[in-house]
Number of protein chains: 2
Amino acid sequence: MEGVWTIALCEDDEALRSVLARAFRAEGHSVVLARTGQEAVRGFPSATPDVTVIDVGLPDSDGRDVCLALRAAGLTTPVLFLTALDALHDKISGFQSGGDDYLTKPFELPELLVRVAALARRRAGDTATNRGLRLDPDRHGVALGERAVALTPIEYRLVGRLLSRPGEVVRRQALVAAAWPPGASVHENTLDSYIRRLREKLVSLDGPPGGIETVRGVGYVWR
Amino acid sequence: MEGVWTIALCEDDEALRSVLARAFRAEGHSVVLARTGQEAVRGFPSATPDVTVIDVGLPDSDGRDVCLALRAAGLTTPVLFLTALDALHDKISGFQSGGDDYLTKPFELPELLVRVAALARRRAGDTATNRGLRLDPDRHGVALGERAVALTPIEYRLVGRLLSRPGEVVRRQALVAAAWPPGASVHENTLDSYIRRLREKLVSLDGPPGGIETVRGVGYVWR
DNA sequence: CGCACGCAGTCAGGTTATTTGCAGACAAGC
DNA sequence: GCTTGTCTGCAAATAACCTGACTGCGTGCG
């Protein structure tokens, strides 16, 4: 896994939705769910996901309209369409309503995961620069200009989560959920230890001061 | 259309090849053609295309091996695989042998054009070379200057995958997928053993130190 | 046939990096 | 000044990896 992302999923089928959500979480990503197009349009923009997966065949509206509505709401994340329709015009119109990829049901789970990863990676390349600091998937670390440090898997997922939305407070609980496998029992203090070590590694890059700030009683922010 | 590119196409079927070539040219791109994997490996690197399209089912070799060979030869362009196989493992191993997209025959021409355009648009910048080490397909081994060592099939595919993206961490899972036939059950430790044997063989070439570095909890990098 | 050989896969034990938990110092907010 | 939550340094526990040796399988050769 190259990074830690937030994935928005809009799917009406109960079974499929939970399978996909579990699969994404198993890879360490956070998931935002919606059952209907309406829910998606209401919920996704504020979640600012890294990738959006939308079922075209929603009960209340066409997934492509949802995509357009999301774009209109200012969401710029890549969109992958999921659909039972495999006629050509559907694919093309999927791409043309702002979609970035297209997958026909039935599909195999790993293929979806791979494609989602490809989309997220592309986006990360576009935007993951925060004051010069960027996640470096190649080295599995972070880099600032020339300098770079390697990170352990947990550290990597932690910065990934913080960097993904600069200026936004991330709750301790959310960080734990992002960095540890689901269901892991994590001692309160363990997170503190990691933050400490992260800060240590980050100063070794000696960029401008700042970085991980703590918000007492809530969590941490990247600034 | 956003630009004019050079597209390399490796396809053995006469009819399909000319249809595709004509379609690409109709959009204003230049096209470099190859009938066989051998031709592709010889011709594509010097053509430095923006996108490479490879048929997996070539008569003389597996398209994925062609991809590995091209990558080893220093070609960094995105690769789109074309294939009649739509079984899952084929798709996955396509992605993991360094492919960037995958299209199953029969496909509709506009879809291919759209995907090729997407790849060309996000074409990555050039990357580093392999410090003189290169894959030697004839001997089925690796060579550094004068010296050369032979490799077993699995070893060969492993270095191939590592060399294909120097400096980029390759996950254990991806290495397994690249080196073993799909669905093979590979004991955790088996990969370790192979890496060990590879390192052993590589020091016998006594080039500069370095080579395969391990990234704990993730995979390995070629440096 | 019987043997040697190279390749592939396994195992057990040693060696590290990573992860976790503790316990005391510190700082913020009431 | 007291409580609560966070920081820090450290050491134990764990998991990942390395290593060397061993087994089984097939191929080719005498």
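1. Val53(B) touches Ile7(B), Ala8(B), Leu9(B), Leu80(B), Leu82(B) and Val116(B), leaving aside residues up to four places away in sequence. Touching, or contact, means C-beta atoms, placed from the backbone, within 7 Å.

2. This is a predicted model: local features need pLDDT of at least 70, side-chain atom pairs count only at pLDDT 80 or more, and totals for chains, interfaces and linings use all residues. Residues are numbered from 1 along each chain as its sequence is written, while chains are lettered from A and ligands numbered from 1 in the order in which they are written.

3. The largest nonpolar core has 53 residues; Val53(B), Ile54(B), Val66(B) and Val159(B) touch the most other members. A core joins buried Ala, Val, Leu, Ile, Met, Phe, Trp, Tyr and Cys residues through C-beta atoms within 7 Å. Buried means 20 or more other C-beta atoms within 10 Å of the residue's own.

4. DNA strand D is surrounded by 16 residues; Asp192(A), Arg196(A), Thr214(A), Asp192(B) and Thr214(B) are the closest. Near means a C-beta atom, placed from the backbone, within 6 Å of the strand.

5. Around DNA strand C there are 22 residues, the closest being Thr152(A), Ile154(A), His187(A), Thr152(B) and His187(B).

6. The axes of H6(B) and H8(B) come within 10 Å and cross at roughly 80°. H6(B) is therefore roughly perpendicular to H8(B), a label for angles of 65 to 115 degrees. Axes are lines fitted to C-alpha atoms over the stretch in contact, with angles from 0 to 180 degrees between N-to-C directions. Helices are DSSP runs (H or I, at least four residues), numbered from the N terminus.

Conventions. A residue is buried if 20 or more other C-beta atoms lie within 10 Å of its own, exposed if 12 or fewer, and partly exposed in between; C-beta atoms are placed from the backbone. Two residues are in contact if their C-beta atoms, placed from the backbone, lie within 7 Å. Helices (H or I, at least four residues) and strands (E, at least two) are DSSP runs, numbered from the N terminus. Angles under 35 degrees count as roughly parallel, over 145 as roughly antiparallel, 65 to 115 as roughly perpendicular and the rest as oblique.
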